[in-house]
Amino acid sequence: MTGRRRFSLDLSRPLETAGGTIRRREGDLLRIETDGVRGVGEATPLPGWTESLADCRARLDTVARVDDAALLDAAATDPHDPLARAPSLAAPLADAPAARHAVECAALDALGRRDGRPLAAVLADGPAPATTVPVNATLGDAPPAETVSAAIEAVGAGFDCLKVKVGVGDVDRDVTRLRTVRAAVGPDVELRADANAAWDRETAREAVEAFAALDVAYLEQPLPSDDLSGHAALRGRGVDVAVDETLATTAVEDVLDADAADVLILKPMALGGPARAHAVARRALAAGVDPVVTTTVDAASARTAAVHVAAAIPDVRPCGLATGDALAADLCPDPVPVESGAVAVPDGPGVAGDAFDGLF
């Protein structure tokens, strides 16, 4: 590996997650280079979803001497699983998804640049990828008036899909919030609700029954991550069920076998790379489950790679990729800015051409 750079980026505002409050994102950029072809990958671990920052860096140290040419050859041999033919990499990165993401992304970026193809085209491998990806706006857990104000602002900016955080107060409060948002934005805006595993089964059933009357498209992670049967029992009640945190601890095959979800929320950083995330999306679609791609509030490199993953999924639903403004400052100008509720997919080779080369 020819280059590493550590970074630390403050968030523009604290982010509340099921695992606690996040105030900054720290990670490493990785660069490979062979025969004049470069590739850049990002590791931005998020404990609870990935390995710790210290473990991530230790794993990257372990594979630092891997030959860049061999890594590019492995990616060229099987771009849908770039590390399959590189066991010296795959083994030490097996349980370190953020470190694996950096290595896989660097390999795929180099492959795309070498072949003159955007990452989305490398992943799609056949059907032409989308040129734009629809994205949702995320609204916090503010009181009804503030939530409505934020919803109106988002719709005015061109978003036609809103995800509202729920589960902090009681269900009645959330129903009031969603009802006022629906009345304010009308019937044509898609509403989603994200409970971040806040409820027990009885509360979740109550929420689903109320949300169905408000035409909520899906409810994300209503129950604890390990309650597959509980999520399965919520399906078919008028609101689709999405799982997110579940995928941090449970194999995708187990989720699909349990019929626990209508929607899978896919985070490439937590799944071990863009190719791995796209492979999960393909398995989900084959099972009749919709994939939605989101970030783990990453820096520009990983966020751009996630956009390519979404673009390579046919008819992808609005994705959680409008996260650049969650950072007070980024590593570079944003290659994937949000405009009118969508993101244009970079059409240069690899992830974003040479946009990230100057970061080393």
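Modeller: A helix here is a DSSP run of H or I with at least four residues, and helices are numbered from the N terminus. In that numbering, V255 lies in helix α11, residues 252–257. The model is predicted.

Colleague: Is V255 buried or exposed?

Modeller: V255 has a relative accessible area of 1%. Buried means under 20%, so V255 is buried.

Colleague: What does V255 touch, leaving out residues up to four places away in sequence?

Modeller: V255 touches L228, V243, T246, L247, T250, A260, A261 and L264.

Colleague: And how far is V255 from G20?

Modeller: Their C-alpha atoms are separated by 24 Å, and the two residues are 235 apart along the chain.

Colleague: Where does L219 lie, and is L219 buried or exposed?

Modeller: L219 is in strand β8, residues 216–220. L219 counts as buried, because its relative accessibility is 1%.

Colleague: Which residues touch L219, again without those up to four places away?

Modeller: L219 touches V166, A193, A195, W199, V208, F211, V239, D240, V241 and A242.

Colleague: On to aromatics. How many aromatic pairs does the structure hold?

Modeller: The structure holds 1 aromatic pair. The partners are W199 and F211, with ring centres 6.3 Å apart and 55 degrees between the planes, a tilted arrangement. W199 is in the loop between β7 (190–194) and α8 (201–212), F211 is in helix α8, and the two are 12 residues apart.

Colleague: Are W199 and F211 buried or exposed?

Modeller: W199 is buried at a relative accessible area of 6%, and F211 is buried at 0%. W199 and F211 are also among the contacts of L219.

Colleague: What lies over the face of W49?

Modeller: K267 does, at 4.6 Å from the ring centre.

Colleague: Which residues is D244 in contact with, neighbours within four places aside?

Modeller: D244 is in contact with W49, E220, Q221, I265 and K267.

Colleague: Where is D244, and is D244 buried or exposed?

Modeller: D244 is found in the loop between β9 (240–243) and α10 (246–249). D244 counts as buried, at 4% relative accessibility.

Colleague: Changing topic: at what angle do α2 and α4 pack?

Modeller: Helix α2 (residues 68–77) and helix α4 (residues 97–115) pack at an angle of about 75 degrees, and their axes are 9 Å apart. Angles from 65 to 115 degrees count as roughly perpendicular, so α2 and α4 are roughly perpendicular to each other.

Colleague: Which residues make the contact?

Modeller: From α2 there are L71, L72, A75 and A76, and from α4 there are V103, A107, A110, L111 and R114.

Colleague: How does the contact of α2 with α4 divide by class?

Modeller: The contact has 8 nonpolar residues, no polar ones and 1 charged.

Colleague: Backbone next. What is phi of V297?

Modeller: Phi of V297 is near 55 degrees, a positive value in a residue other than glycine. V297 lies in the loop between β11 (290–293) and α14 (300–311). V297 counts as buried, with 10% relative accessibility.

Colleague: And what about phi of D315?

Modeller: Phi of D315 is near 50 degrees, also positive in a residue other than glycine. D315 lies in the loop between α14 and β12 (338–339). D315 is exposed, with a relative accessible area of 79%.

Colleague: Last one, R24. Where is the place of R24, and what does R24 touch?

Modeller: R24 is in strand β2, residues 20–34. Not counting residues up to four places away in sequence, R24 touches S8, L9, D10 and L11. R24 and R13 are 11 residues apart in sequence and 9.1 Å apart in space, C-alpha to C-alpha.

Colleague: What is the relative accessible area of R24?

Modeller: The value is 43%, so R24 is partly exposed.

Definitions and conventions:
Residues numbered from 1 in each chain as written. Predicted model: local features only at pLDDT ≥ 70, side-chain atom pairs only at ≥ 80, totals over all residues. Heavy atoms only, no water. Phe/Tyr/Trp six-rings, centres within 6.5 Å; stacked < 30°, edge-to-face > 60°. Buried < 20%, exposed > 50% of the residue type's maximum accessible area, 1.4 Å probe, protein only. Lys NZ or Arg CZ within 6 Å of the ring centre and 35° of its normal. Axes fitted to C-alpha atoms, helices over the stretch in contact; angles between N-to-C directions. Parallel < 35°, antiparallel > 145°, perpendicular 65-115°, else oblique. Contact = heavy atoms within 4.5 Å. Nonpolar A, V, L, I, M, F, W, Y, C, P; charged D, E, K, R; others polar.
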